[in-house]
Each structure stands twice: as C-alpha cells, then as structure tokens.
Amino acid sequence: MEISQKENGADFWKKKNKRIYTHAMGRRLKERRLILPESYEKIEREALKNNVRLRTVCLPKQIESIGVQAFMNCTSLYQIEYTDIVRIQREAFCGCNHLVSFLVPESTVLLGKGAFSYCRALQQVEFADRSRLKELEAAVFEGCEKLQTVKLPELLEHIGERAFYKCSGLSELHFPESVAYIGKEAFYQNGFLELELPRGLQVIETGAFSNCRKLEQIMIPESVRVLENRAFRGCHRLKTLEIHHDPERIGECIINRSTVVRCKAGSKVEAYCRKYEIQTVMI
C-alpha cells in the first residue's frame, strides 16, 4: 500500500497498523479458527500467546513476520494454512503441543531461537526444495521428542546450539554438504542408528552428539578442523569412530573408552588415544 506524502504521522500509523495482527486483537479472539485477510503482513509479538482455544489458523499469501512468542503455548493449535512466511521469530510456536507437521516454505529466511521448541507432538518437519535458510538458530526444535525424520535444506551452513536437543525420536537425518558448523549439544540424546556427516563440515562443538545411545559407528570427514569436548560421549553403542586425518583441535573425552578409534599410525589422533587410554586400530 502506497502512503501519500500528504498524510500525517497519525494517518501513516493507522494504515501501517492495519497490516499488523496485534496483541490486543489476539486477546479479543474467542473463536477456535483464525482467518487473516490478505491485507495483513505481520503478526505481533505475543499476539496469541497462551490462547488455548485456538485450533486452526489461515494466514494470507505472504506473511513478513510471525512475531516473538506469537503462538507460544497455543496448546490446541494443530493446523496452520499458509503459503509464504519470511521470518518466524523467537519461540513463535514454542509449546504448541498438538502441532504434528510443518513445512518451512522457500521464502523463509529466519527460524528464530526456540521457534518450535517443545512442540511435543511434532513428527515431521520439511523444508521446501529451494529453501533459502542458511542457519538454524539455537534450540529451534529442542524437546520435539516425536520428531522422526528431517532432511535439512540444501543451503544450510550453521546448526545452532541445542537445535535438536533431546529429540529422542529423531532416527534419520540428512545433512547437505554445505553444513560447516554443528553447535554445542545440537543433537544431544537423539535416536540415530547411523549418521553420514557432510564433507564440508569444519566444527563439531562440545557435546554435539553426546548421549546418542543408538549410534553404532561414525566417520569424521577430513574437512573437520575442530572436534570439541565430549562430542560423542555417552554414545554407549558406538563401536568405531574413524578419523583418517589430524584435526587442529581434539577436545577432552570425545568418546567412551569402549569405542575403538580407527586412525593412522603415528598421527596426532593415535597420540590422543594413548593419552586417554582409548583402543585404536590402524588404517
């Protein structure tokens, strides 16, 4: 909507405000279904927070922003109809315990910290084929214990701290080759049986895969420069860890002593294993 130069500040504010679904509007909502007209572009911070009646939402064709905690603790919300969303802010859908699936559209450039955290019924998250996302922020899916399979977007580079923390049902994960950084406890206590890490990966932070108790073997790509403390600690079924190169840094206690490390004779990795009394097999 174009704003005439003749319009004063009050008129501009009123027209701009018509594009925003506000917290005051959300407080007045008593229906179980919310249908927003095409004129709306934003949903304000905490607009529908703690609305336990709301079950379904129909959004306009393109929403510029779903605000911080906009739908937080909407515990009956199970269906969201939408086409394009540009930004999903911090904790926007946190605690939506009846939300089962979500497709992140191509238009989305931000999934804020804790955006879907503790959505305990969430089973499926998909990213559009041409997703523009390059970063998953901290705790974005933390505590989504029923999440099963995730194929991460092709342009993703950074996975934040605790992004999938305690997603205990997550058994299958597909990394794009673009991922360079996996944050602290990003996949703590997940349900993986096996993992293929991306060939462009550079940093595995502290406890990134710790307590993944079903994981049986892992190969560290030669691109990895930093393998931090307790990266695979608590993975009790992990039989072998393969490291065919010498990372610049290897933190303390990266695995349990029951795990065998396959490495090169005379390498820094072999010396590390001797220091921490870890079994080795030479390659």
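The second largest pocket of this predicted model has a volume of about 150 Å³. Its lining consists of Val125, Glu126, Phe127, Ala128, Asp129, Thr149, Val150, Lys151, Leu152, Pro153 and Glu154. Two elements, β10 (124-127) and β12 (149-151), each give two or more residues to the lining of the second largest pocket. Sorted by class, that lining holds six nonpolar residues, one polar residue and four charged residues.

The largest pocket has a volume of about 260 Å³. Thirteen residues line the largest pocket, and those nearest its centre are Leu173, His174, Glu194, Leu195 and Glu196. Strand β14 (residues 172-174) supplies three residues, the largest share of the lining of the largest pocket. In the lining of the largest pocket, six residues are nonpolar, three are polar and four are charged.

| Pocket | Volume | Lining by class |
|---|---|---|
| Largest pocket | about 260 Å³ | six nonpolar, three polar, four charged |
| Second largest pocket | about 150 Å³ | six nonpolar, one polar, four charged |

**The chain as a whole**

The chain has three helices and 22 strands. Along the principal axes, its C-alpha atoms fill a box of roughly 75 × 40 × 30 Å. Of the 283 residues in the chain, 50% are buried. The accessible surface of the chain comes to about 14200 Å², and carbon and sulfur atoms account for 44% of this area.

**Helix α3**

Helix α3 spans residues 268-275, and its buried residues are Val269, Glu270, Tyr272 and Cys273. These residues lie on the same side of α3, because they cover an arc of only 160° around the axis. Arg274 and Lys275 are exposed and sit on the face of α3 turned away from its buried side. Just after α3, glutamate 277 has a positive phi of about 55°.

**Phenylalanine 187**

Phenylalanine 187 belongs to the loop between β15 (181-182) and β16 (203-204). Its relative accessibility is 0%, so phenylalanine 187 counts as buried. Residues up to four places away in sequence aside, phenylalanine 187 touches Ile159, Phe164, Leu173, Phe175, Ile182, Phe192, Ala208, Phe209, Ser210 and Cys212. One of these contacts, Leu173, is also among the residues that lie nearest the centre of the largest pocket. Arginine 213 is 26 residues from phenylalanine 187 along the chain, and the C-alpha atoms of the two are separated by 12 Å.

Cysteine 94 lies in the loop between β7 (84-88) and β8 (101-104). Is cysteine 94 buried or exposed? With a relative accessibility of 9%, cysteine 94 counts as buried, because the cut-off for this class is under 20%. Beyond its neighbours within four places in sequence, cysteine 94 is in contact with Phe71, Met72, Asn73, Gly114, Ala115 and Ser117. Cysteine 74 is 20 residues from cysteine 94 in sequence, and the C-alpha to C-alpha separation of the two is 8.4 Å.

Asparagine 73, one of the contacts of cysteine 94, is placed in the loop between β5 (62-66) and β6 (79-81). Asparagine 73 has a phi near 60°, which is a positive value in a residue other than glycine. The relative accessible area of asparagine 73 is 28%, so this residue is partly exposed.

**Tyrosine 118**

Where in the chain is tyrosine 118 placed? Tyrosine 118 is in the loop between β9 (110-111) and β10. Strand β10 also gives residues to the lining of the second largest pocket. The phi of tyrosine 118 is near 55°, again a positive value in a residue other than glycine. Tyrosine 118 has a relative accessible area of 31% and is therefore partly exposed.

Key
Residues numbered from 1 in each chain as written. Predicted model: local features only at pLDDT ≥ 70, side-chain atom pairs only at ≥ 80, totals over all residues. Heavy atoms only, no water. Buried < 20%, exposed > 50% of the residue type's maximum accessible area, 1.4 Å probe, protein only. Helix = DSSP H or I, 4+ residues; strand = E, 2+ residues; numbered from the N terminus. Arc of directions from axis to C-beta. 1 Å grid on protein atoms, 1.4 Å probe; cavity = no way out; pocket = protein on both sides within 12 Å on 5 of 7 lines; lining within 4 Å. Points joined across faces, edges and corners; volume = space filled by probe spheres on them. Nonpolar A, V, L, I, M, F, W, Y, C, P; charged D, E, K, R; others polar. Areas by Shrake-Rupley, 256 points an atom, 1.4 Å probe, with all protein chains shown as cover. Contact = heavy atoms within 4.5 Å.
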